[in-house]
Amino acid sequence: MYVEIKNINKHYGNFKATDNASFGIEKGKLVALLGPSGSGKTTILRMIAGLENPDEGEILIDGKVVNNIPASKRGIGFVFQSYALFRYMTVYDNVAFGLEIQKVPKDKIRERVLELIELVGLKGMEKRYPNQLSGGQRQRVAFARALAPNPTLLLLDEPFAAIDAKVRAELRTWLADMIHKVGITSIFVTHDQDEAVDVADDIIVTNKGRIEQHGTPREIYESPKTPFVAEFIGTSAKYENFGVLKGFSKEEKVHGALIRPEFVEVFKADNANIEPYLKYADDGVVESVTFRGNSVELGIDVKGLKLTALRSLERRKIEVGEKVKVLVYRLYTYDGDQVKIIENAELAGKETVKL
Amino acid sequence: MEIFDEKQLKAKKRTKYILITISALFLIFMLVLPLISVIVNSLREGIAFYFEALSTQYVTSALVVTLIATLFAVGVNTFFGIVASWVLTRFEFKGKNVLSTLIDIPFSISPVIAGLAFIMTFGRLGWASPIIEWINETLGTDIQIVFAIPGVVLATIFVTFPFVSREIVPVLNTVGHDEEEAAALMGAGGFKIFRKITFPHIKWALLYGVILCTARALGEFGAVHALSKARGKTFTLPLEIDALYMSGSADSITASFAVSSLLVFIAVIVLVFRNVFEYRTKNKSKKVKSGE
């Protein structure tokens, strides 16, 4: 483990920002701290950086406890949410600042700064001021500035929040590539699950100051460990009375289930191909049809449950009020803190081909 | 589609001109004419008399006292203003609001009261008087506060101390402190952060504050009046003007206008400076934005 935090607690007055949080991060990984706003993810990042101090617990970097080491001595590069570029300095001076503080010889600084500016693709813009750059370019400068003093750990606070949606996707791929190229262990904070899934090697989900789950994006997505993760990742809705669906029965202690749209399959009633599965399918009535760009979102009433399903645009059109057949492949049941994946019992052992 | 019909447009235009006329008339009657009358009156007995009036011993002494008081006030308040605004914008502590309000007191309190307060503190009956006497006895010095130059300086500092911090605080608040945090994270020390990061942000606001502070210090009357009673020794220009005017002879009234015109000229120079700085600030920020 390269970065480790052990039983960290942090209060702001009566507010518990971090609640007994522990995790470890391997060297060279790009890890996302993912959670809704106010879940304590930024606080954790700032504590690792040394911008805040934990009330209790230990923070280790490379096996050393760093609680009492000042931020500037932890070997950290930090990219701020709004980049915090020095507005009265040029791109060159921004990147050079950290090296100047370390009293690196002038020619060495020049070499390193130009190398980094080239790396981030801003060659020729050395003399510009931050407000002459676009959001994406500013982020590149912030990235180069953070890397200049050769940190061993890179921390990024909501690195894409200030960038418009179109550039964001492109930029995050760029940043992930860049981080892997440099090979630096990195932690970034985000509230956007797409971002985390897209970019991170590992995701740490936070909620109310606690660590909910730590795993690869696939693990987090496919086998959520807590009701919070199940609900937060993906788009899902809660159903208490899910036992009415064919293939599922509700046990006593189970509180309810979460169903994601991708777990729900909708067939037109006259679809001949589904004959073999017809007896496992429920009848439903389409209540809404919403165009979603690359698919159509259907709102369906199945025995009183309002299910949501996505349907490819390539398939036959479904109208509001139409009677359809609905098949639910699986769902997540929850009771208290436990989440279980329950597959449709009727479909067990059968090959389910998506039609 | 028309948003305004012709009638409305006309009414709008009329309102505009009426308001412009009101403002212009107000400024002419309240400001321009009185100031012109000062200049005209000061020259009533000719140029020679004008310069003679300015070169009397009383006036030169008052000019020197005024400049000393202004210099001290600006120096002390610039330092104090920067420190206070730093404290108010960069730290969270109990009593912050109280401190912020206290800084504003000179704006809301009559300067005469400030002057009297200094008399009650440092005067013969004041609580600080024994301390000063003790210092004088031990060190063999002869420090006087009230009715002496230090009193004038103190009063001037008192009435001008909010100006610098009032200009800087809003700027520091808008700029935020993440640039400073970023610099600190890279290992920059406090002074380096101030010089390289914070100062470039506040320098024009600081200059503006200093100019306002200077203008106010030059013209202060009330607080200084309470603490300065010796004409030719501790009088400042405004006090000298008052003394000349109150003495009543036609010549001395003209002389008082002559001295007044001196202050008017200084004020105009300060205003010109202010505008030059403002112009340069705008140009500079334009440059940073447009990329020259």
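1. Confidence in chain B. Among the elements of chain B, helix H13(B) has the lowest mean pLDDT, 80, and helix H3(B), residues 57-90, the highest, 93; pLDDT is the predictor's confidence in each residue, from 0 to 100. Helices (H or I, at least four residues) and strands (E, at least two) are DSSP runs, numbered from the N terminus. The average pLDDT of chain B is 88, and 95% of the residues score at least 70. Where pLDDT is low, the predicted coordinates should not be read in detail.

2. Basis of the model. This is a predicted model, in which local features need pLDDT of at least 70 and side-chain atom pairs count only at pLDDT 80 or more, while totals for chains, interfaces and linings use all residues. Residues are numbered from 1 along each chain as its sequence is written, and chains are lettered from A and ligands numbered from 1 in the order in which they are written. The scores are ipTM 0.77 and pTM 0.77.

3. Interface. Chain B places 16 residues in contact with 19 residues of chain A; contact requires C-beta atoms, placed from the backbone, to lie within 7 Å. On chain B, helices H9 (178-185), H10 (190-219) and H13 (250-290) each supply at least two residues of the side that touches chain A. H9(B) gives the largest share, 7 residues. By class, this side of chain B has 9 nonpolar, 3 polar and 4 charged residues. Ala, Val, Leu, Ile, Met, Phe, Trp, Tyr, Cys and Pro count as nonpolar, Asp, Glu, Lys and Arg as charged, and the others, Gly among them, as polar.

4. Packing of H9(B) on H10(B). The axes of H9(B) and H10(B) come within 10 Å and cross at roughly 140°; axes are lines fitted to C-alpha atoms, for helices over the stretch in contact, and angles run from 0 to 180 degrees between N-to-C directions. Glu179(B), Glu180(B), Ala183(B) and Ala184(B) of H9(B) make the contact with Ile193(B), Ile197(B) and Thr198(B) of H10(B). The classes here are 4 nonpolar, 1 polar and 2 charged residues.

5. Domains of chain A. Chain A is divided into domain 1 (3-224) and domain 2 (237-347), with bounds from an automatic or database domain assignment. The C-alpha centres of the two domains lie 40 Å apart.

6. Four-stranded sheet of chain A. An open sheet has the order S2-S1-S4-S5 (chain A) with antiparallel pairing; two strands pair if DSSP finds at least two bridges between them. Strands S2 (15-25) and S5 (64-65) of chain A are at the edges with a single partner strand each, so one side of each lacks a neighbour in the sheet. S1(A), residues 3-12, is joined to S2(A) by 7 bridges, with Glu4(A) opposite Gly24(A) in S2(A). Helix H1(A), residues 41-49, lies across S1, S2 and S4 (56-61) of chain A, at about 115° to S1(A).

7. Six-stranded sheet of chain A. The order of this open sheet is S6-S7-S8-S3-S9-S10 (chain A), with mixed pairing. The twist averages 15° from one strand to the next. S9(A), residues 202-207, and S10(A) run antiparallel, joined by 5 bridges; Thr206(A) has Ile211(A) in S10(A) as its bridge partner.

8. Strands S12, S18 and S19 of chain A. S18(A), residues 330-335, runs antiparallel to S12(A), residues 256-259, with 3 bridges, and to S19(A), residues 338-343, with 6 bridges. Ala257(A) stands opposite Thr333(A), and Tyr332(A) opposite Ile341(A). S18(A) and S19(A) form a hairpin with 2 residues between them, and Gly336(A) in the turn has a positive phi of about 60°.

Key
Two residues are in contact if their C-beta atoms, placed from the backbone, lie within 7 Å.
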